[in-house]
Amino acid sequence: MTFKYCPQCGKKLGSMNCGDDGETPYCENCRRPFFPFSYSCVICLCVTEEGGEIVLIKQSYVSEHYVNVAGYVKEGETPEEAAVREVREEIGLDVSETRYIGSSYHGKSGNLMIGFLCRVKKGALKLSSEVDSADYFPIEKAEELLRKDSIGQSLLKKYLSGSEERN
């Protein structure tokens, strides 16, 4: 997100050369720069504790494809806490382990996606109102269902490459 108006006083921002960062939106009134930023989000590759299955969800407002559980990191929350919360909120499962897999910038939304492997105990899925459907899929099927070159598919490929320990 790039600011055009000062988020503190509301005045239109000018520009200031901030060394290595170059021209940066600047508020003359508040005497401070406002650097562009991304919102931090988590994206969770939910793998059953027993191994071999991945939980994917459908959210019509996000995509026509199956996707991974994901959401924003709330103020005062660590990314790990956000991953556990999002899995619990969206599919009703408890996470027994979180492990950082990698991060990606999602240009379409301007979000920094922090990827986690989330081990979940297989059980009944309890969907939030923002999830249209969800299911357990064998790993090979999950790989087919995730959109090619998506962040979710990238997380799954990292998992499959052996960079993550599997049962």
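The largest pocket of the predicted model holds about 750 Å³ of space. A pocket is here an open set of points on a 1 Å grid over the protein atoms alone, where a 1.4 Å probe fits, with protein on both sides within 12 Å along at least five of seven lines. Its volume is the space filled by probe spheres set on the points, which are joined across faces, edges and corners. The lining of the largest pocket comprises 28 residues, and Val62, Val67, Ala70, His106 and Met113 lie nearest its centre; lining residues have an atom within 4 Å of a point. Two or more lining residues come from each of β4, β6 (69-72), α1, β8 and α3 (151-163).

Residues are numbered from 1 along each chain as its sequence is written. The model is predicted, with local features needing pLDDT of at least 70 and side-chain atom pairs counting only at pLDDT 80 or more, while totals for chains, interfaces and linings use all residues; side-chain values use heavy atoms, without hydrogens or water.

The protein chain contains three helices and nine strands, in the order β-β-β-β-β-β-α-β-β-β-α-α from the N terminus. Helices (H or I, at least four residues) and strands (E, at least two) are DSSP runs, numbered from the N terminus. Along the principal axes, the C-alpha atoms fill a box of roughly 60 × 35 × 30 Å. Of the 167 residues in the protein chain, 41% are buried; buried means under 20% relative accessible area, exposed over 50%, and partly exposed in between, with a 1.4 Å probe and protein chains only. Among contacts (heavy atoms within 4.5 Å) between residues at least 6 apart in sequence, 58% join residues at least 24 apart.

Strands β1, β2 and β3 make up an open sheet in the order β1-β2-β3, with antiparallel pairing. Because β1 (14-17) and β3 (32-33) are the edge strands and each has a single partner, one side of each is left without a neighbour in the sheet. Pairing requires at least two bridges found by DSSP between two strands. Strand β2 (residues 23-27) is joined to β3 by two bridges, and tyrosine 26 has proline 33 of β3 as its bridge partner.

Strand β8 pairs with both β4 and β7. The β4 and β8 strands run parallel and are joined by ten bridges, with methionine 113 of β8 as the partner of cysteine 41. Strand β7 (residues 95-106) is antiparallel to β8, also over ten bridges, and tyrosine 105 stands opposite leucine 112 in β8. A hairpin is formed by β7 and β8 with four residues between them, and glycine 110 in its turn has a positive phi of about 75°. Nine of the ten residues of β8 are buried.

Another hairpin is formed by β4 and β5, with four residues between the strands and glycine 51 in the turn at a positive phi of about 80°. These two strands pair in the antiparallel sense over two bridges, and cysteine 46 stands opposite valine 55 in β5.

Apart from neighbours within four places in sequence, the contacts of cysteine 118 include Cys44, Cys46, Val87 and Val95.

Eight salt bridges were found in the whole structure, a salt bridge being a side-chain nitrogen of Lys or Arg within 4 Å of a carboxyl oxygen of Asp or Glu. Glu77, Arg85, Glu86 and Glu89 are linked in a network of such bridges. Within this group, the closest N and O atoms of arginine 85 and glutamate 77 are 2.7 Å apart, and those of glutamate 86 and arginine 85 are 2.9 Å apart. Arginine 85 and glutamate 77 are buried, and glutamate 86 is buried too. A further salt bridge joins glutamate 97 and arginine 99 at 2.4 Å, N to O. Glutamate 97 is partly exposed, at 28% relative accessibility, and arginine 99 is partly exposed at 27%.
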